[in-house]
Amino acid sequence: MKRILSLVIALAMVLSMTAAMAETVTLKVWGAQEDQALLGELIEGFKAANADTTWDITLGVVGEPDAKTRYLEDPVAAADVFAFANDQLRDLVNADALYEVTRNKDAIVAANSAGSVESATLNDTLYGYPMTADNGYFLYYDKSVVTDPTSIEAILADCEKAGKNFYMEINSGWYQTAFFFGAGCTLTYSTDDSGNLVAMDCDYASENGVKALKSMIKLAQSPVFVNGSSASNATNLGAIVDGTWDAVAVQGILGDNYAAVKLPTIDGYQLGGFGGFKMLGVKPQTDEAKLAACDALALYLTSGEVQAARYDAVGWGPSNLEAQQSEAVKSDVALSALASQLAYCIGQGQYPGEYWTLATALGDDILADKYDAYTDEQLLEVLTTFQATAGSYVK
């Protein structure tokens, strides 16, 4: 890749960081299958720029979704530097699987978006090196059908007029937060220093919560609404709430009518939601020289230049602020829509597995028309039970 040559220049800063290392450093690195080719080139450039040290770096295929599981299966054999998704942070911290990032912390924080830094932080301690800011949802739409993508009411009217479908997955704890957070509600969990859940902050059982629940009920009643979030499974698509991972599929369906923007409003409020991020983690090391090597490599692999190169190679949206300003990234329709939406989102923190099941059940009841005739008081009772159950997961 042509960008790799310029990246070698950036490695000059690494030289000073690795000067005190042992003569031979053995490291294991994990990355996703689609990132392997670029990682291989980057690692070779890193080794060449630090030729005073003899490197033995092994690259393995373990993607972000599987990182936690693979690490916990055998921590001794796990990678020294590995990519993972932010929703795995609490469990990895709880397992003492992550180095507390103290080297270059201020520079890392300053270089990356606030949401990505927040997602890599637990109890004010930075545990990861932000790498992407491209996991979230927004609105794709057919611009020959949807004339006003700023409100769900207008989108539904346009889709109904054209005989097209509007897709959103409301029986999902991930997508469901678009309504609750957008209406002004909170649902977060706090952890102790070991990563264990110790408290919940939730106000779903409130006037705002009822407002959000009524919005979901109204949406589900639309004749053009279809519950779902996979463009590949969509038919007669007018609009869909989906993520960057489906950009190619949506483009294939909509062709010249392909468009994307932040989420619309509903009932007068802006839909919010979660933002998801990928990062690199470093396994705790007893050897200070090896720790310095891991830190230098992780810092390099998540630098702005490398994030820009990764976008070119595999299309991952950067968390680095300078890389986000590249013309290629800014001209990406899906990433631009997500960037706009992330201003209304919170980083997906640490949620217990039971929460997702609970949220699915709430959505399933909406889809089954269970609450269509409920009064506001009855809906508040539903949310009071939901909130109490969500709080019971705190041990």
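Visitor: How many residues apart are R70 and E73 in helix 4, where they are separated by about one helical turn?

Guide: The model is predicted: local features need pLDDT of at least 70, side-chain atom pairs count only at pLDDT 80 or more, and totals for chains, interfaces and linings use all residues. Residues are numbered from 1 along each chain as its sequence is written, and side-chain values rest on heavy atoms, with hydrogens and water left out. Helices (H or I, at least four residues) and strands (E, at least two) are DSSP runs numbered from the N terminus. Within helix 4, about one helical turn lies between R70 and E73, a spacing of 3 residues.

Visitor: What is the distance between the closest N and O atoms of R70 and E73?

Guide: Side chains of opposite charge can pair when their charged atoms come close. A salt bridge requires a side-chain nitrogen of Lys or Arg within 4 Å of a carboxyl oxygen of Asp or Glu. R70 and E73 form such a bridge, with their closest N and O atoms separated by 3.9 Å.

Visitor: Is E73 buried or exposed?

Guide: Buried denotes under 20% relative accessible area, exposed over 50%, and partly exposed the range in between (1.4 Å probe, protein chains only). R70, at 37%, is partly exposed. E73 has a relative accessible area of 58%, so the residue is classed as exposed.

Visitor: How many residues apart in sequence are the parts that D91 and K68 tie together?

Guide: The side chains of D91 and K68 meet in a salt bridge of 2.8 Å, N to O. Because D91 belongs to helix 5 (residues 89-94) and K68 to helix 4 (residues 67-73), the pair ties together parts separated in sequence by 23 residues.

Visitor: Which helix holds E153, the partner of K218?

Guide: K218 and E153 form a salt bridge, their closest N and O atoms lying 2.9 Å apart. K218 is in helix 10 (residues 207-221), so its pairing with E153 ties together parts 65 residues apart in sequence, E153 being in helix 8 (residues 152-162).

Visitor: With which side chain does the side chain of N171 make a polar contact?

Guide: N171 sits in the loop between strand 8 (165-168) and helix 9 (173-182), and at 15% relative accessible area N171 is buried. Contact means heavy atoms within 4.5 Å; beyond residues up to four places away in sequence, N171 touches Q176, N227, T360, G363, D364 and L367. A polar contact is a pair of N or O atoms within 3.5 Å; within protein, one must be able to donate a hydrogen and the other to accept it, and residues adjacent in sequence count only if both atoms are side-chain atoms. At 2.9 Å, the side chain of N171 makes such a contact with that of N227.
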